[in-house]
Amino acid sequence: MFKDLDPILHSQLRLAVISLLISVKEADFSFIKEKTNATAGNLSVQIQKLKEAGYVEVEKKFSNNYPLTTCKITPKGIEAFETYVKALQEYLNAGKS
Amino acid sequence: MQNEHQLTEAESLQIITEMIGKVKSHFHESGSGAILWGSVIGFCSLMSFLQLYFHFSIGFDIWILSLVAIIPQLFIVWNNRRKRTIETYSEAAMNAVWSTFAIVLFGLILYLNLIGNISKQLMLNEQQLLLMKNTQTGELKEIVPFVLSSNSLFLLIYAFPTLATGFIRKFKPMILGGILCMLCFVASLFLNTTFDFLLQSIAVIVSWLIPGLILRNRYVKQQMGNV
């Protein structure tokens, strides 16, 4: 019996954001936007969904009079990502056998 | 990147691999700090060696330069923070290692500057005096207690952050630099202060300045690639 893939993570952009954040301590909104090639509006919506799920922390501050948004993955987000990857492996292994 | 597309398992895996790869290739260590301190400490050590070896004086304490270098270092830290768009776990570890090193270095300098006179006073309180005897003339001279081969201690603590950086970052030039610091430390135990300065100069040039230049070269190449 396969585990269901987490619907929060099983989305192209949200998965890309979490995959970026898993390997860093924190990242600016501009960095995530650049690496995912997403539009600012779409990215904001998806980050908000990740935040509501408790998978990321978002900090808004000012740097040199410009707004700066920093994102950080939470322990709950790390756990969800690990579970997602495990479930993915199960699906892929089942496909091979 | 669109969001509405229904992902297959293989696509999910591809996104994860691609994003992790993008973070790995985002190299932004400019090497400025290593170049600054490798140059300053290397130059001060070399000047100290030359003054002692050739018996001349430049008229001021060359090590004042290491205090002056704190100003550009503060600018480097400020500039890096301003430009930084991500902080990786290894960067956080590096910051902790080098901050600890700076604190330990400050403690060692404080110790070396205070311990002589404090020890002399404590010995006087117990009616003791430290004397040095000239074995030829038999003359006895009062001396202030001092730490023998204090430069060896600097070489030893230079090895710590250099090796830690090399191992954490898997950066061979710094691993080799750290090993050289350890070898220079052992060699300095058998040499006098004059040559300790020469060893110190070689150690910091190899373990900080050269790796710093390598990092700088990589950074410039990456910046040119991004244009």
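View 1. Helix H5 of chain B (residues 89-125) lies across S1 of chain A together with S1 of chain B, and runs at about 75° to S1(B). Angles here go from 0 to 180 degrees between N-to-C directions, with axes fitted as lines to C-alpha atoms, for helices over the stretch in contact. Helices (H or I, at least four residues) and strands (E, at least two) are DSSP runs numbered from the N terminus. Please keep in mind that this is a predicted model, in which local features need pLDDT of at least 70, side-chain atom pairs count only at pLDDT 80 or more, and totals for chains, interfaces and linings use all residues. Residues are numbered from 1 along each chain as its sequence is written, while chains are lettered from A and ligands numbered from 1 in the order in which they are written.

**View 2. The open sheet has 4 strands.** Its order is S2(A)-S3(A)-S1(A)-S1(B), with antiparallel pairing; two strands pair if DSSP finds at least two bridges between them. At the edges are strand S2 (56-63) of chain A and S1 of chain B, each of which pairs on one side only. From one strand to the next, the twist averages 20°. As a reminder, strands of a sheet pair through backbone hydrogen bonds, either parallel or antiparallel.

**View 3. S1(A) meets a strand of chain B and a strand of chain A.** Towards chain B, 3 bridges join S1(A) to the antiparallel strand S1 (residues 86-88). Here A:Val24 stands opposite B:Thr88, and A:Glu26 has B:Glu87 as its bridge partner. Within chain A, 2 bridges join S1(A) to strand S3 (residues 66-73), again antiparallel. A:Asp28 finds its bridge partner in A:Thr70 of S3(A).

**View 4. S2(A) and S3(A) form a hairpin.** The two strands pair in the antiparallel sense over 8 bridges. One of the pairs to look for is A:Val56 with its bridge partner A:Ile73 in S3(A). The hairpin has 2 residues between the strands, and A:Asn64 takes a positive phi near 50°.

**View 5. H1(A) crosses H2(A).** The axes of the two helices come within 10 Å and cross at roughly 120°. That makes H1(A) oblique to H2(A), given that angles under 35 degrees count as roughly parallel, over 145 as roughly antiparallel, 65 to 115 as roughly perpendicular and the rest as oblique. From H1(A), A:Leu13, A:Ala16, A:Val17 and A:Leu20 meet A:Ile32, A:Lys35 and A:Thr36 of H2(A). These residues divide into 5 nonpolar, 1 polar and 1 charged. Ala, Val, Leu, Ile, Met, Phe, Trp, Tyr, Cys and Pro count as nonpolar, Asp, Glu, Lys and Arg as charged, and the others, Gly among them, as polar.

**View 6. B:Ser30 sits in a loop of chain B.** The loop runs between helix H1 (9-25) and helix H2 (32-54) of chain B. B:Ser30 is buried because 20 other C-beta atoms lie within 10 Å; the cut-off for buried is 20 or more, whereas 12 or fewer counts as exposed and anything in between as partly exposed, with C-beta atoms placed from the backbone. Leaving aside residues up to four places away in sequence, B:Ser30 touches B:Leu215, B:Arg216 and B:Tyr219.

Terms used:
Two residues are in contact if their C-beta atoms, placed from the backbone, lie within 7 Å.
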